[in-house]
Amino acid sequence: MPRLSLSKAEKLFMEEGVRENVRGDGRGRLEFRSFDLETSVIPLANGSARLALGLSEVLVGVKCSIGDPAPEKPDWGRLEVVVNSSASCSWELEAGDRSTQDLLWTQHLSRVLSGENVLPWATLKISKTKCWVINVEVMVLESGGNLLDAISIAVRAALLDTRVPVITVTESGHKSRADQIEVRDDPRHSTPLPACGVPLLLTVLSVAGYLVADPTLE
């Protein structure tokens with residue numbers, strides 16, 4: 001969110017509103033803005049969502065692919081996430097450039113979404129050497145503040161919308177031969193990804209000794 005310079009009078013006015021539990025846009029201190037959310041908006045994705053929160057707009061696509069498990073967790077599936085900002089996104093950064101901010105968001109979401117209870121990781125194991133890799137791609141289309149919260153809502157919605165293809169595994173019986181994996185591309189033959197454990201992020205600021213949720217420049 002861009003840095004906002006306030007005069008002493010403006011700061012006192014804002015703090016008084018927070019003390020009275022009335023913000024400039026009419027919300028209370030802990031009241032979250034309403035938002036518009038659509039799912040299944042990308043036809044070729046396994047799951048997707050589009051969110052508009054104020055002026056912020058985020059698009060998330062999820063694709064399931066077959067890959068190798070992480071060496072430190074050979075019996076789990078994996079989740080990969082990447083955040084990119086659209087070149088048309090009209091916003092200013094406090095420091096650094098857009099690619100640096102995208103990397104910071106990617107790293108933060110990767111940590112949040114790698115928790116043990118986020119997904120049923122063991123059920124994403126396919127064979128002795130292969131697993132499902134859940135690829136989450138986030139595109140920031142527009143920024144109107146509080147983007148991390150907006151991204152987390154859209155990511156959770158997209159993962160809840162995700163359907164994992166049904167597969168058939170034929171074990172080779174030999175260590176030197178890979179198992180044969182047949183993927184059914186028909187979306188009617190798929191199962192929902194159990195993603196109820198995906199967390200939501202909430203940005204909270206301290207103003208005049210009170211907690212303020214979902215902050216905006218206003």
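**Ground rules.** I am working on a predicted model, where local features need pLDDT of at least 70, side-chain atom pairs count only at pLDDT 80 or more, and totals for chains, interfaces and linings use all residues. Numbering starts from 1 along each chain as its sequence is written, and side-chain values use heavy atoms, with hydrogens and water left out.

**Aromatic rings.** I searched the whole structure and got 1 aromatic pair. For this, rings of Phe, Tyr and Trp (its six-membered ring) pair if their centres lie within 6.5 Å; planes under 30 degrees apart count as stacked, over 60 as edge-to-face and the rest as tilted. Why is the pair of tryptophan 76 and tryptophan 121 called stacked? The ring centres are 5.9 Å apart and the planes sit at 5°, so stacked it is.

I then looked up where the two rings come from. Tryptophan 76 is in the loop between β3 (56–67) and β4 (78–85), and tryptophan 121 is in the loop between α2 (98–112) and β5 (131–142), so I noted that the pair links distant parts of the chain, 45 residues apart. My element names are DSSP runs numbered from the N terminus: helices are H or I with at least four residues, strands are E with at least two.

Next, accessibility: buried means under 20% relative accessible area, exposed over 50%, partly exposed in between (1.4 Å probe, protein chains only). Tryptophan 76 comes out partly exposed at 23%, whereas tryptophan 121 is buried at 5%.

**Strand β2.** I checked the cover on β2 (residues 47–53) and found 5 of its 7 residues buried. Two strands pair if DSSP finds at least two bridges between them. β1 (residues 36–39) runs antiparallel to β2, with 4 bridges joining them; in this pairing glutamate 38 stands opposite arginine 50. β2 also runs antiparallel to β3, over 7 bridges, and here glycine 47 faces valine 62. β2 and β3 make a hairpin with 2 residues between them, and glycine 54 in the turn has a positive phi of about 60°.

**Serine 65.** This one is in strand β3 and is partly exposed at 29%. Which residues is serine 65 in contact with, leaving aside neighbours within four places in sequence? I get Cys131, Trp132, Val133 and Asn135, with contact meaning heavy atoms within 4.5 Å. The C-alpha atoms of serine 65 and valine 133 are 5.2 Å apart, although 68 residues separate the two along the chain.

**Threonine 106.** I found threonine 106 in helix α2, buried at 12% relative accessible area. Not counting residues up to four places away in sequence, threonine 106 touches Val81, Val82 and Val83.

**Hairpin β10–β11.** β10 and β11 (residues 210–213) pair antiparallel over 4 bridges. Valine 204 has alanine 213 in β11 as its bridge partner. There are 2 residues between the strands of this hairpin, and alanine 208 in the turn shows a positive phi of about 55°.

Leucine 202 lies in the loop between β9 (190–192) and β10 (204–207) and is exposed at 53%.
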